[in-house]
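Please keep the structure in view while reading.

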Amino acid sequence: MVWDKLIGQHDQIFLVLCGHEHGQVLRTDDNKFGHDVYQVLADYQDRGQTAKDAGVKSAYPVGIGDGWLRLMTFDLGGATPVIQVRTYSTHYKKHSTESPSYAQWYKAQEKPKLSDEEFLRQDEFRIELSDFRARFGKPAAVTAR
């Protein structure tokens, strides 16, 4: 309903950040104007490796998230604007791709059919905004104050 009544109806919406559905994924759909809308899902709330490391015994994951969050870097100045997405833990103080145990900790519960490499690719990727210039034009010059 949100897509049909809001997101897909407005051409200025090109990116949607969402959660509350465990795991992570990138999805691209066309709006009613035929332009890409990138939907980036990230929800780490059920992750509880830090609780396991601390010796917590529980049948259900102790969902404290392990400090995982998404870092997004926007480069709108190039010929093709790009968003670089990486996943970082404030607890482990490293990116998901730098943690040798990352897929072992989470893949079986979240995306068991993926290979470790496919699982990691959902945490670190680039979104090339190929139609961004056609939709929104060139960025305005910024003057220092």
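## Strand pairing

Val16 stands opposite Gln39 in β3. The model is predicted, with local features requiring pLDDT of at least 70 and side-chain atom pairs counting only at pLDDT 80 or more, while totals for chains, interfaces and linings use all residues. Residues are numbered from 1 along each chain as its sequence is written, and side-chain values use heavy atoms, with hydrogens and water left out.

Strands and helices are DSSP runs numbered from the N terminus (strands E, at least two residues; helices H or I, at least four), and two strands pair if DSSP finds at least two bridges between them. Strand β3 (residues 36-43) pairs with β1 in the parallel sense over 4 bridges. The open sheet is formed by 3 strands in the order β1-β3-β2, with mixed pairing. Because β1 (15-18) and β2 (23-30) each have a single partner strand, they stand at the edges, and one side of each is left without a neighbour in the sheet.

## Aromatic pairs

Rings of Phe, Tyr and Trp (for Trp, the six-membered ring) pair if their centres lie within 6.5 Å, and planes under 30 degrees apart count as stacked, over 60 as edge-to-face and the rest as tilted. By this rule the count comes to 10 aromatic pairs. The rings of Phe14 and Phe132 have centres 5.1 Å apart and planes at 80°, so this pair is edge-to-face. Phe14 belongs to the loop between α1 (2-5) and β1, whereas Phe132 belongs to helix α5 (residues 132-136), and the pair thus links parts of the chain 118 residues apart. Both Phe14 and Phe132 are buried, a term that means under 20% relative accessible area, with exposed over 50% and partly exposed in between (1.4 Å probe, protein chains only).

The pair of Tyr102 and Phe119 is tilted, because the ring centres are 5.7 Å apart and the planes are at 35°. Tyr102 lies in helix α3 (residues 102-110) and Phe119 in helix α4 (residues 116-121), so the pair ties together parts 17 residues apart in sequence. Tyr102 is buried at a relative accessible area of 0%, and Phe119 is buried at 0%.

## Around Tyr106

Ring pairs link Tyr106 into a cluster with Trp68, Tyr92, Tyr102, Trp105 and Phe119. The charged end of Arg47 sits over the ring of Tyr106, 4.0 Å from its centre; the criterion is NZ of Lys or CZ of Arg within 6 Å of the ring centre and within 35 degrees of the ring normal.

Gln49, placed in helix α2 (residues 49-53), counts as buried at 10% relative accessibility. Leaving aside residues up to four places away in sequence, Gln49 touches Asp66, Tyr92, Trp105 and Tyr106, where contact means heavy atoms within 4.5 Å.
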